[in-house]
Each structure stands twice: as structure tokens, then as C-alpha cells.
Amino acid sequence: KNEVEQSPQNLTAQEGEFITINCSYSVGISALHWLQQHPGGGIVSLFMLSSGKKKHGRLIATINIQEKHSSLHITASHPRDSAVYICAVGRLIFGTGTLLAVQP
Amino acid sequence: DAGVTQSPTHLIKTRGQQVTLRCSPKSGHDTVSWYQQALGQGPQFIFQYYEEEERQRGNFPDRFSGHQFPNYSSELNVNALLLGDSALYLCASSVGQGEKLFFGSGTQLSVL
């Protein structure tokens, strides 16, 4: 079993939809990262969370340390949000990512 | 601010050869981490350098080694290349641990 599990693995949404990507982990952590990777390899760090909730623009990330679970929400999704979203914990143990495609 | 820069962007090698990848961290960052990302997979942590020493290491063989220089830049060396070493190699920098990470665009290594 992977130490970091993401769901769904693939997600197709219509523009404007509210999107949720989930991350569950089995190791003890001090922080969890949400990352965005566009085709071609470039990775952008979206959030680093150790508790509660963070918001940046249309992106919201939450974490429940007791349940070892985090969610990334995208409100009013847009085609430019299409990317792979990766959850990473601990010494940066990465999930395999969620491929999001937002269709106009 | 140039952010994290990696070189080269693409590299082709043959089995058994050795390769050196380079990473310059974002200005003000002192910690560099290296990752291997195979096609369709999430990145795998190779190791992390801080104060010119390897501080943490993932599950990679000794063929993978690194170095950090006094200016905080870093190199990843892979010896005796195998076909399975073909991947995107990513470098990320931060200020210490637990800070927001900044990633480079990666080096795409192909081993033939």
C-alpha cells in the first residue's frame, strides 16, 4: 500500500464546476504539500499545510491531522486549471497525482 | 530572481555511462532536494542537501550521489546508468525544511 494515496486518479470536469481532490496518508507528518504539475514537467508548490485550512484565490486546501486526510478544492474551475495535482508528505513522499482536465 | 534553474534540460546517455545534473537554488534558499519522476508516476525523493551535507536519503542505490557547493548549488551524479534510470529529474529548493518549495523545470534523462 502506498504511503500516500490520492483520489481520484483522473478527473474530467466542465468549466465552472467545483472540484475536490483527496489525499490520505499513513505516515506521521509535520506538513503536507499540494503541488501542481503542468505538461512538460514544471512543478509549482500550491500550499504547505500543517493544520486547518488555507485559501489562495480559487484554491482551498484543508487538512485533518487526526484522520490523516487532506483535500484540495478548486472553485469555479477553468481550463487553465488542467494539470496534475500532487499531494506530498513528510520527506516529500509523493502521491502519484490526480490528472485534472477541465473542459470549456 | 531566476528561481530554481536546472541544467541541462535534456540529456541522452547510454547504459553504463555516468551523468551529472546541476541545480541552482532560488536566491536565499539553502536546502536542495532531488527527485526522480518516471513517466506517469509521482516524483520519488532521492536525497536532500543542507550545509553541503546529505541530510536525508530516499530508497535509491549508491549509484546515485550528490554534492552541494558553498553557494548552495547542487549536483546529482548517477553512475553505471541503467535503462530504468530514464526519467525526469527534479530539483527543489527551500529555506531549511518545512518551507514552501520551489521546483526547477527538471532535466529529462533518456538512457538508451
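# Exercises on a predicted two-chain model

Between chain A and chain B, one residue pair is in polar contact, with both residues at pLDDT 80 or more; a polar contact is a pair of N or O atoms within 3.5 Å, where within protein one must be able to donate a hydrogen and the other to accept it, and residues adjacent in sequence count only if both atoms are side-chain atoms. The model is predicted, so local features need pLDDT of at least 70 and side-chain atom pairs count only at pLDDT 80 or more, while totals for chains, interfaces and linings use all residues. Residues are numbered from 1 along each chain as its sequence is written, chains are lettered from A and ligands numbered from 1 in the order in which they are written, and side-chain values use heavy atoms, with hydrogens and water left out.

## Exercise 1: the interface

Describe the contact of chain A and chain B, and state which elements of chain A give two or more residues to it.

Step one is to count residues: 16 come from chain A and 18 from chain B, where contact means heavy atoms within 4.5 Å.

Step two is the area: about 1,300 Å² is buried between chain A and chain B, and carbon and sulfur atoms give 60% of it. Buried area here is the accessible area (1.4 Å probe) that two parts lose on being put together, summed over both.

Step four is to name the elements: on the side of chain A that touches chain B, strand 4 (32–37) and strand 5 (43–49) of chain A give two or more residues. Strands (E, at least two residues) are DSSP runs, numbered from the N terminus. The largest share, four residues, comes from strand 5 of chain A.

Step five is to sort this side by class, which gives seven nonpolar, eight polar and one charged residues; Ala, Val, Leu, Ile, Met, Phe, Trp, Tyr, Cys and Pro count as nonpolar, Asp, Glu, Lys and Arg as charged, and the others, Gly among them, as polar.

## Exercise 2: the nonpolar cores

Find which residues of the largest nonpolar core touch the most other members.

Begin with the rule: a nonpolar core is a set of buried Ala, Val, Leu, Ile, Met, Phe, Trp, Tyr and Cys residues joined through side-chain atoms within 4.5 Å. Buried means under 20% relative accessible area, exposed over 50%, and partly exposed in between (1.4 Å probe, protein chains only).

Next, apply it: the largest core has 25 residues, and A:L32, A:W34, A:Y85 and A:V89 touch the most other members. Among the elements that give two or more residues to this core are strand 3 (19–25), strand 9 (83–89) and strand 11 (98–103) of chain A.

Apart from this core lies another, of 20 residues, which includes B:L11, B:L21, B:Y49 and B:L81.

Finally, follow one member: leaving aside neighbours within four places in sequence, A:Y85 is in contact with residues including A:Q6, A:I21, A:L46 and A:L100.

## Exercise 3: salt bridges

In one salt bridge, the side chains of B:E75 and B:R22 meet at 3.4 Å, N to O. B:E75 lies in strand 8 (residues 74–78) and B:R22 in strand 3 of chain B, so the pair ties together parts 53 residues apart in sequence. B:E75 is buried at 17% relative accessibility, whereas B:R22 is partly exposed at 42%.

In another, the closest N and O atoms of B:R63 and B:D85 are 2.9 Å apart. B:R63 is buried, with a relative accessible area of 18%, and B:D85 is buried at 4%.

How values were computed:
A salt bridge is a side-chain nitrogen of Lys or Arg within 4 Å of a carboxyl oxygen of Asp or Glu.
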